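Hi,

Here is the structure I promised to pass on.

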Amino acid sequence: MRVKVLACCSLGFLLLICAAPPMDTVLAADRQCNRACLNGFVDQYLAAMVAHDPSRLPLAKNVKFTEDGVPLKLGDALWATATGLGAYKLYFAEPAAGAVGAFVLVQENGTPAILELRLKVVKRQITEIETLVARKETTSFLNTDNLIVPRPVFLETVPAADRPPREEIVSMVGKYFDGIEQGNGDIVPFDKDCIRIENGIQTCPSSASSSLGALSCGAQLSTKIFTYIQSVSPRRFPIVDDERGLVLAIVRFNHPATSQTVDVPGRGKMTMGRYSQWPNSTEIAELFKVKDRKICEISAVIVTATYKAPTGWE
Amino acid sequence: MKRKLFAVIAMGVLCSGAFAARSGKGEASANPPRPADASSCDRECLNGFVDRYLDAVVAHDPSRLPLTKTVKFTEDGQRLGLGDGFWRTATERGTYKFYMDDPQAGQVVFFGTMREAGTPVSLVLRLKIENRKIAEIETIVVRQGMNPARPNDTGAESFEKLGGPDPLFLEAIPPAERVSRDELARTANKYFSGMQMNDGKGDYSFFADDCSRVENGQLATGGRNTMASGSAPDNSYGVLAGCRAQFQSGLLHFVTRIRDRRFVVLDTEHGVALAFIFFDHAAGNTRTFQTPDGKTVTAGPTNPWTWEMAEAFKVEKGQIRRIQAIFHRCPYGMNSGWSSWEDSMSDKARW
């Protein structure tokens with residue numbers, strides 16, 4: 001290689017080329033896929049899916065595909081049943097990691113469902129496809145009526161000076177799951193007006209008419225009403241979109257169902273949710289908006305899973 | 001180096017030969033069980049292990065059991081630590097008990113009812129016994145929450161109303177009429193092959209005229225099967241009486257794949273075969289099809305749907321007379337926890 005470089009430079013007239021970055025760096029830069037490029041992959045994926053035709057995609061040879069944690073052949077499951085796309089599309093990306101995700105409304109044989117999609121793109125080929133599909137039959141609650149356009153906060157750019165390093169922002173989001181496990185909202189860096197929307201339904205702050213009364217996201221955790229969630233494990237944070245202050249966590253909530261009631265401070269004994277009734281898990285893709293180092297909005301896609309079922313990516 | 005290379009090639013030839021022999025049959029006995037010896041576990045012994053196991057579950061105490069060092073436990077296809085899952089929540093044994101034994105394979109499967117926090121549930125339990133220790137534990141627990149087709153019925157109450165298994169399952173086959181393990185499995189497997197992408201045009205003579213099927217405690221071949229896919233009555237196999245008539249209708253086409261067919265009990269003395277399987281419903285363009293009478297029908301689930309199932313067959317004189325199944329919905333395409341991905345996706349039968 002050195003001999004070649006010397007020979008090249010000795011020719012003089014190619015001096016400019018010799019001073020340029022090595023060719024593989026140039027190619028790598030060329031291959032790197034920025035936000036627009038990554039979003040294009042999502043568009044391409046969704047179009048191919050609705051056409052039931054995986055051959056339209058640039059796929060790596062060893063591409064891996066899961067739906068609801070189950071490894072499947074590409075073309076199976078939602079690929080066979082998707083009949084259209086809704087208007088609702090929320091994209092987020094981490095270009096340095098070749099990672100892009102989306103929450104999308106899909107039509108499946110005419111019935112709406114929410115798709116969470118994660119792609120990994122290497123050298124402009126898709127190497128990983130992870131999906132969760134919240135369907136009426138595979139989750140305990142779902143309402144797609146309000147999923148028309150993404151909430152604007154998820155699209156807002158965070159000023160460059162206010163972007164925490166990846167490790168820090170992931171740690172902040174991790175405290176949310178710690179807070180669920182410990183029944184303690186005080187340890188979570190919630191914005192006081194934080195909103196959480198799960199499968200299209202706002203679940204905090206709760207309304208005054210709910211069994212808990214009007215409570216913020218943090219206060220809700222501190223009631224210990226989520227005691228049936230014994231652990232949030234495993235936890236992955238595959239996408240950090242630092243430009244927008246977004247973190248995608250993919251986690252499993254484990255519900256061993258060893259108790260169905262809990263003592264809520266100030267309210268006495270209360271029956272916990274239906275997931276406390278039998279051993280089960282939920283697989284969850286949860287998108288967090290972090291602004292001013294506070295969690296200010298959460299959007300989640302939730303699918304009921306067999307107790308401690310692998311997410312397919314451990 | 002040359003020696004090593006030769007050894008590798010020789011191994012490769014042996015392996016490929018074994019594979020060819022296996023795949024050539026299309027269905028296969030991968031590991032034929034060794035004949036029983038003095039240390040093996042007879043029916044009484046196997047059933048005793050089931051009872052000990054269930055008593056230990058209710059006591060939430062796995063330490064009561066004789067376990068091999070490498071014992072493996074799954075619940076609903078997921079590998080768990082023994083003591084987790086149903087071990088924590090079981091409160092009582094139920095009254096329905098159906099033991100299916102295969103002493104030659106050292107395996108027993110139990111269909112029964114239990115209580116979980118007081119709620120009736122149906123249970124499938126498979127134990128594999130080695131040297132009088134439990135080496136494998138496979139369970140399916142049918143609960144209300146996991147069965148959207150019948151959200152308030154786990155089958156347990158229906159099973160208990162039946163009182164016990166159909167007596168035919170318990171009758172011994174006259175020695176002269178007993179068939180080999182292979183033949184028993186092949187006959188039972190015709191049921192799965194006839195149902196997968198059912199077109200109504202196959203040879204369904206493997207059903208006896210009086211064949212009946214019970215699913216989660218309810219008769220599914222009496223002409224009033226309310227579980228039959230949610231299809232309109234005109235398009236539902238469930239309104240037809242009899243095993244053969246349902247297959248001849250071609251209305252089960254939407255069952256697109258019956259995979260990971262593991263025959264784990266082959267009881268030649270009683271003519272009983274039991275398989276763990278998954279029924280996949282891809283729910284795409286396979287929902288619309290033509291029946292033998294020329295009618296175009298759209299039927300079956302509208303989203304990808306898998307039943308995780310254990311199904312028992314009573315086979316006499318080469319025909320299926322009784323079928324009993326316990327099942328629930330599971331994530332589409334799920335693995336049993338006992339098969340490679342390739343085997344779990346294959347529709348080849350294994351025993």
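Predicted model: local features only at pLDDT ≥ 70, side-chain atom pairs only at ≥ 80, totals over all residues.

Residues are numbered from 1 along each chain as its sequence is written, and chains are lettered from A, ligands numbered from 1, in the order in which they are written.

Chain A splits into domain 1 (30-138) and domain 2 (152-305); the bounds come from an automatic or database domain assignment. Their C-alpha centres are 25 Å apart. Domain 1 of chain A puts 16 residues into the contact and domain 2 of chain A puts in 19 residues (two residues are in contact if their C-beta atoms, placed from the backbone, lie within 7 Å). On the domain 1 side, β3 (82-94), β4 (99-108), β5 (111-122) and β6 (125-134) of chain A each supply at least two residues, and β3(A) gives the most, with four residues. Helices (H or I, at least four residues) and strands (E, at least two) are DSSP runs, numbered from the N terminus.

Now chain B, with domain 1 (43-162) and domain 2 (168-350). Here the C-alpha centres are 23 Å apart, and the contact takes 26 residues from domain 1 of chain B and 23 residues from domain 2 of chain B. Among the elements giving at least two residues each on the domain 1 side of chain B are β3 (90-102) and α4 (156-162).

Cheers
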